[in-house]
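My notes follow in the order I checked things.

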Amino acid sequence: MPAPILTPDVLFFFDGHAGSLPLYEALAQRLLAEYPETQIRVKKTQIGFHDGRLYACASLTPVRRKANRPDPFLTVTFSLDAPDPSPRLVCAPVRPNRFTHHAIIGAPSDIDGELMAWLRASHDLGRHF
């Protein structure tokens, strides 16, 4: 049975950011549909999606200047084994063959095939460690 999407911890996380909650719901629904064994872990600054290992996070961390991000927004963070040059992403090296990528979404339609392909690659990368 998939993890519940809206728990008291999740609602508390989005307190004061109600506009971002539907973005999280859409992301969580897509990830749980693809990976039903996913566990959702709410921390102080992020919500992690785990399937054996952490493969994606949702946060309210503003990785772009306010003028360059939608309102409301949600930052989706994931790891890939190489930097992706997409203008949708902010990338930072972590260690050899591991790069953290941040994508900002402002509408459920931003959770498209391209973002899901990156999240699949991150999920698969976690399976190899």
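I started with burial: 42% of the 129 residues in the protein chain are buried (under 20% relative accessible area; exposed is over 50%, partly exposed in between; 1.4 Å probe, protein chains only). This is a predicted model, so I noted the limits: local features need pLDDT of at least 70, side-chain atom pairs count only at pLDDT 80 or more, and totals for chains, interfaces and linings use all residues. Residues are numbered from 1 along each chain as its sequence is written, and side-chain values use heavy atoms, with hydrogens and water left out.

**Overall fold**

I counted three helices and six strands in the protein chain (DSSP runs numbered from the N terminus: helices are H or I with at least four residues, strands are E with at least two). The pattern along the sequence is α-α-β-β-β-β-β-β-α. I then checked the radius of gyration (taken over C-alpha atoms; the globule rule is 2.2 Å times the number of residues to the power 0.38). The protein chain has 14 Å, which agrees with the value near 14 Å for a compact globule of 129 residues. The C-alpha trace spans about 40 × 35 × 25 Å along its principal axes.

I looked at contacts next (heavy atoms within 4.5 Å). Of those with a separation of 6 or more, 51% are between residues 24 or more positions apart.

**Core and rings**

Which residues have the most contacts inside the largest nonpolar core? I found Phe14, Tyr24, Leu27, Phe49, Leu74, Phe78 and Leu119, in a core of 32 residues. Such a core is a set of buried Ala, Val, Leu, Ile, Met, Phe, Trp, Tyr and Cys residues joined through side-chain atoms within 4.5 Å. H2 gives the largest share of this core, eight residues.

I searched for aromatic pairs and got five in the whole structure (rings of Phe, Tyr and Trp, its six-membered ring, with centres within 6.5 Å; planes under 30 degrees apart are stacked, over 60 edge-to-face, the rest tilted). Phe14 and Tyr24 form a tilted pair, 5.5 Å centre to centre with 40° between the planes. Phe14 sits in the loop between helix H1 (8-13) and helix H2 (21-34), and Tyr24 is in helix H2. Both Phe14 and Tyr24 are buried. Ring pairs join Phe13, Phe14, Tyr24 and Phe49 into a cluster. The contacts of Tyr24 include Ile5, Val10, Ile40 and Leu74.

**Cysteines**

How many disulfides does the whole structure hold? I found zero (a disulfide is a pair of cysteine sulfur atoms within 2.5 Å). The sulfur of Cys57 is too far for a bond because the closest cysteine sulfur, in Cys91, is 15 Å away. Cys57 counts as buried because its relative accessibility is 7%. Cys91, at 31%, counts as partly exposed. I placed Cys91 in strand E5 (residues 89-95). Beyond four places away in sequence, Cys91 touches Pro83, Phe99, Thr100 and His101.

**His102**

I finished at His102, in strand E6 (residues 98-105). Cys91 and His102 are eleven residues apart in sequence and 6.4 Å apart in space, C-alpha to C-alpha. Is His102 buried or exposed? His102 counts as buried, at 18% relative accessibility. Its side chain makes a polar contact of 2.8 Å with that of Thr77 (a pair of N or O atoms within 3.5 Å; within protein, one must be able to donate a hydrogen and the other to accept it, and residues adjacent in sequence count only if both atoms are side-chain atoms). The residues that His102 touches include Val63, Arg88 and Val90.
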